[in-house]
Amino acid sequence: VQLQASGGGLVQAGGSLRLSCAASGTIWSINDMGWYRQAPGNQRELVATITSGGNTNYAGSVKGRFTISRDNAKNTVSLQMNSLKPEDTAVYYCNANIRRTVTTVFYNYWGQGTQVTVSS
């Protein structure tokens, strides 16, 4: 199983970016999917998560600006980021709990990370 993230880049403060992440490989089911970020010198932190049923959870710092969504048929999760601030600058990682077969348990997988840089 692999998680492939895309969509990072450089944007001015107040701008928008959309991150996408696709899970591939042998997949039976996916429950929670999410995005985390890590700025230099900081620990990795939760940005947003979404359950298979569409329930969402956001970090307080992004609530109202970011929107997480998923396409269960395509095994993808996206993060629409609006009103970006310089403090949103970080490497963003997608994350998913995936069961590969009906007889296996869920394992946690990480994508490779995509850089988001917001200039002031």
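Of the chain's 120 residues, 38% count as buried (buried means under 20% relative accessible area, exposed over 50%, partly exposed in between, with a 1.4 Å probe and protein chains only). You're looking at a predicted model, where local features need pLDDT of at least 70, side-chain atom pairs count only at pLDDT 80 or more, and totals for chains, interfaces and linings use all residues. Residues are numbered from 1 along each chain as its sequence is written, and side-chain values use heavy atoms, leaving out hydrogens and water.

Start with the cartoon view. You'll find eleven strands and zero helices (DSSP runs numbered from the N terminus: E, at least two residues, for strands; H or I, at least four, for helices). The C-alpha atoms fill a box of roughly 50 × 25 × 20 Å along the principal axes.

Next, select W35, L79, M81 and Y92. In the largest nonpolar core, which has 30 residues, these four touch the most other members. Such a core is a set of buried Ala, Val, Leu, Ile, Met, Phe, Trp, Tyr and Cys residues joined through side-chain atoms within 4.5 Å. Now colour the elements that give two or more residues to this core, among them strand 4 (29-38), strand 8 (76-81) and strand 9 (90-99). Strand 9 gives the most, with five residues.

Now hop to the loops. Select N75, between strand 7 and strand 8: N75 isn't a glycine, yet its phi is positive, about 55°. N75 is partly exposed, at 23% relative accessible area.

Last stop: S83, in the loop between strand 8 and strand 9. S83 isn't a glycine either, and has a positive phi of about 50°. S83 is partly exposed, with a relative accessible area of 42%.
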